[in-house]
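Here are some questions and answers for a first look at a protein model. Read them with the structure in view.

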Amino acid sequence: MSFDARLVGVETTTADTNTTVMIDIGDSASPTRWGEYLDETGWNETGSNEWNCSAETVVVRVTTIELSV
């Protein structure tokens with residue numbers, strides 16, 4: 001099966017702040033693989049499927065695509 005993908009929109013938000021970024025990967029499609037990646041890139045595991053890191057700048061990008069068969 002093949003899909004056609006069309007970019008619908010991109011929203012980017014940047015915040016300059018000293019903060020701790022926390023994410024929960026429990027609902028992701030592959031929490032084990034995400035955990036491996038986060039561990040390899042310097043994040044700290046703080047609980048079951050929860051990770052954090054310190055940051056001076058945070059960038060959140062939400063990309064929306066439309067898939068059709």
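Q: What share of the contacts in the protein chain with a separation of 6 or more joins residues 24 or more positions apart?
A: This is a predicted model, in which local features need pLDDT of at least 70, side-chain atom pairs count only at pLDDT 80 or more, and totals for chains, interfaces and linings use all residues. Residues are numbered from 1 along each chain as its sequence is written, and side-chain values use heavy atoms, with hydrogens and water left out. A contact means heavy atoms within 4.5 Å. Among contacts with a separation of 6 or more, the share from residues 24 or more positions apart is 76%.

Q: Which pattern does the protein chain follow along the sequence?
A: Helices (H or I, at least four residues) and strands (E, at least two) are DSSP runs, numbered from the N terminus. The protein chain has one helix and three strands. Read along the sequence, the pattern is β-α-β-β.

Q: Which residues make up the largest nonpolar core?
A: A nonpolar core is a set of buried Ala, Val, Leu, Ile, Met, Phe, Trp, Tyr and Cys residues joined through side-chain atoms within 4.5 Å. Buried means under 20% relative accessible area, exposed over 50%, partly exposed in between (1.4 Å probe, protein chains only). The largest such core has seven residues: Val21, Ile25, Leu38, Trp43, Trp51, Cys53 and Ala55.

Q: Which strand gives the largest share of this core?
A: The core has seven residues. Three residues, the largest share, come from strand S3 (residues 50–68).
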